[in-house]
Amino acid sequence: GGIANLKSFIHIHAGIDATGLPPVASADFPTQWAVIRDWDKPGGVEAPRNIVLCSMPSLIDPDLAPEGKHVLHAYVPATEPYEWWEGLDRNGEEYKKKKE
């Protein structure tokens with residue numbers, strides 16, 4: 001019974017200093033982008049730890065952040081099997097090494 005364990009994912013929501021960054025989106029500084037570590041990795045963008053999806057919604061709506069700041073959202077899709085982390089002691093060395 002119960003719900004099956006799911007793959008691991010992470011969301012980060014942050015406020016950042018906008019000094020030197022454009023106040024609006026453009027082709028050179030889009031509102032959304034992806035960082036792919038290795039396009040040729042087996043599994044492609046769905047391979048574990050191979051992609052981060054980012055968005056900066058304050059480029060569309062500046063009211064989402066105080067003047068001189070931006071809002072950043074980074075998301076790592078659920079690409080790591082839960083079993084990789086199951087049973088690890090969060091204070092243990094093995095856990096800390098996997099987090100690097």
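This is a predicted model: local features need pLDDT of at least 70, side-chain atom pairs count only at pLDDT 80 or more; totals for chains, interfaces and linings use all residues.
1. Residues are numbered from 1 along each chain as its sequence is written, and side-chain values use heavy atoms, with hydrogens and water left out.

2. The largest pocket holds about 530 Å³ of space. A pocket here is an open set of points on a 1 Å grid over the protein atoms alone, where a 1.4 Å probe fits and protein lies on both sides within 12 Å along at least five of seven lines; its lining residues have an atom within 4 Å of a point. The volume is the space filled by probe spheres set on the points, which are joined across faces, edges and corners.

3. Of the 19 residues that line the largest pocket, S8, F9, E80, W85 and K99 lie nearest its centre. At least two lining residues come from each of β1 (8-17), β4 (69-80) and α1 (93-99), and β4 gives the largest share, four residues. Helices (H or I, at least four residues) and strands (E, at least two) are DSSP runs numbered from the N terminus.

4. By class, this lining of the largest pocket has nine nonpolar, three polar and seven charged residues. Ala, Val, Leu, Ile, Met, Phe, Trp, Tyr, Cys and Pro count as nonpolar, Asp, Glu, Lys and Arg as charged, and the others, Gly among them, as polar.

5. The second largest pocket, with about 160 Å³ of space, is lined by V35, R37, R49, N50, I51, V52, V76 and E100. Four of these residues are nonpolar, one is polar and three are charged.

6. R49, one of those lining residues, is found in the loop between β2 (32-36) and β3 (51-55), and has a positive phi of about 55 degrees although it is not a glycine. Most residues other than glycine have a negative phi. R49 is partly exposed, with a relative accessible area of 34%; the class lies between buried, under 20%, and exposed, over 50% (1.4 Å probe, protein chains only).

7. N50 also has its place in the loop between β2 and β3, but N50 is buried, with a relative accessible area of 2%. Leaving aside neighbours within four places in sequence, N50 is in contact (heavy atoms within 4.5 Å) with V35, I36, R37, D38, K41, G44 and V45.

8. S58, in the loop between β3 and β4, is buried, with a relative accessible area of 2%. Not counting residues up to four places away in sequence, S58 touches P23, L64, A65, H70 and V71.
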